[in-house]
Amino acid sequence: MRAQPWAPTQNPLRDERDRRLPRIAGPCSLVIFGVTGDLARKKLMPAVYDLANRGLLPPAFALVGFARRDWADQDFAQIVHDSVREHARTEFREDVWNELSKGIRFVMGDFSDNEAFDTLARTVEDLDRVRGTRGNHAFYLSIPPKFFGPVVEQLQRSGLSASENDAWRRVVIEKPFGHDLQSARELNDTIGKVFSSGSVFRIDHYLGKETVQNLLALRFANTMFEPIWNANYVDHVQITMAEDIGIGGRAGYYDGIGAARDVIQNHLLQLLALAAMEEPLSFDARDVRIEKEKVLSAIKLPSDLGAHTARGQYAPGWQGGVQVDGYLQEDGISPTSGTETFAAIKVEIDTRRWAGVPFYLRTGKRLGRRVTELAVVFKRAPHLPFSETDTEELGQNAFVVRVQPDEGVTMRFGSKVPGTQMEVRDVNMDFAYGDSFTESSPEAYERLILDVLLGDPPLFPRHEEVELGWKVLDPILEFWANEGQPEQYSSGTWGPQSSYDMIARDGRSWRRP
């Protein structure tokens, strides 16, 4: 049986009577700018279908595409159909598709075309009348950042940003949120003149992943972790996001942006904030945001950025048994480009809980394998009543949250090797989502799109968090700008030698995920 449409209540997100009841969006439409891009085709449109297939979208739902293509509604519907067939997580069902397709519309135009936005305004008004969307419309800007401002201004000019009575209008923005602190502030000012802060949703899809959200549950729902989650017991923290692919066809986006802006400023600093924050009063958006902002405000950079940061560019090499080009040989990349494809930084958090604990963040393309993990590495026991040979293969205890691809948690600790002698060696205890729960994890974009339609903001960084992230990164980017070209590293390895030297200076080493 399909879930029934959502009915308005005082707070639809808090039903204490039965927590098993799903959260279902109310009547609304989702307007996607940039529907011809990979993100829309591979993630957004399949996520909309998966939500419908799970009964989480109401009958009064519509999907509108906006692009320069000369398409009719049925042409766009076919594009959505093909994307869903190829990329949807859930099985394809004709009855679900037929219902969803009734609300699919397309508007042709570019971002400077007043008439196109006027047509879009008439389209959503018609959806209110025909589909019963009740004036509730979300605008998803799956477009290059340079167009954020012009599109938001067009939404204001055409009246699309204005709502009446109890209806809502929301805007969804993909990263990057600016390219430095000044541009982020300018963008926030532009958007803030049109949409209220509660109507702006900045997408960081990593925050929609089940394992990232589970980090809060692990920390605050269990008594065994929190007592040792501090500088008394933690030696250091490593946060890694590694990709085994190159830039592909994204040269136009990636060149000039680089790994630090693309990943560290948002994904990794958000993971750091969740791992290091104090317990919030509740998991309401405001309380979580307050604690995250405290952490980001307390981040302290090393005085010697040359010794405690590293950057590199992937060079030709072997990846998965295939010879691949280096970054400077990729289509659309200048042979003199100084954009980094690998970045690593060391930071500390100047609070009582984390004083003296280094956090090492790294990200890169064309690395050894695709993996994202957060590893809390603990101090060694102050006294070991064993002979030196008994523990020569014993490392440090670690608590590792695997964000992707095999979502779960690993705990590493020492155990005696079977036999007559006392020999202690590292062993792992694994928790895997796929082994413990019968229901598969939804895609991050499913969760985030549903949260947008529900108006539930805990997983979306506010502009204060964005600006604090740039305050951390700007000095590093400025330092790198005066340091010449990034160091080359062979594709298929784990980054440049400078990243190994960076962490070795502190007597530590990178984990091999």
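Helices here are DSSP runs of H or I with at least four residues, numbered from the N terminus. Please keep in mind throughout that this is a predicted model.

1. Let me begin with glutamine 270, which sits in helix 9, spanning residues 258-276. Its relative accessibility is 5%, and because buried means under 20%, glutamine 270 counts as buried. Setting aside residues up to four places away in sequence, glutamine 270 touches Asp204, Leu207, Lys292, Pro461 and Glu465.

2. Glutamine 319 belongs to strand 10, residues 317-319. With 11% relative accessibility, glutamine 319 counts as buried too.

3. Six strands make up an open sheet with parallel pairing, in the order 3-2-1-4-5-6. Its edges are strand 3 (104-108) and strand 6 (200-203), each of which pairs on one side only. On average, and ignoring direction, neighbouring strands in this sheet are turned by 20 degrees against each other.

4. At one end of that order, four bridges join strand 5 (residues 169-174) to strand 6 in the parallel sense. If you want a residue pair to look at, isoleucine 173 stands opposite arginine 202 of strand 6. Helix 1 packs on the sheet, where it touches strand 1 (28-33), strand 2 (61-67), strand 4 (137-141) and strand 5. The direction of helix 1 makes about 175 degrees with that of strand 1.

5. Helix 1 has a helical partner as well. Helix 1 (residues 38-53) packs with helix 3 (residues 94-101) at an angle of about 115 degrees, and the axes are 10 Å apart. The crossing of helix 1 and helix 3 is right-handed.

6. Which residues of helix 1 and helix 3 meet? Val48, Tyr49, Ala52 and Asn53 come from helix 1, and they face Val96, Trp97 and Leu100 from helix 3. Sorted by class, this contact between helix 1 and helix 3 comprises six nonpolar residues, one polar residue and no charged ones.

Methods:
Residues are numbered from 1 along each chain as its sequence is written. This is a predicted model: local features need pLDDT of at least 70, side-chain atom pairs count only at pLDDT 80 or more; totals for chains, interfaces and linings use all residues. Side-chain values use heavy atoms; hydrogens and water are left out. Helices (H or I, at least four residues) and strands (E, at least two) are DSSP runs, numbered from the N terminus. Buried means under 20% relative accessible area, exposed over 50%, partly exposed in between (1.4 Å probe, protein chains only). Axes are lines fitted to C-alpha atoms, for helices over the stretch in contact, and angles run from 0 to 180 degrees between N-to-C directions. A crossing is left-handed if the near helix is turned anticlockwise from the far one by less than a right angle, and right-handed if clockwise. Contact means heavy atoms within 4.5 Å. Ala, Val, Leu, Ile, Met, Phe, Trp, Tyr, Cys and Pro count as nonpolar, Asp, Glu, Lys and Arg as charged, and the others, Gly among them, as polar. Two strands pair if DSSP finds at least two bridges between them.
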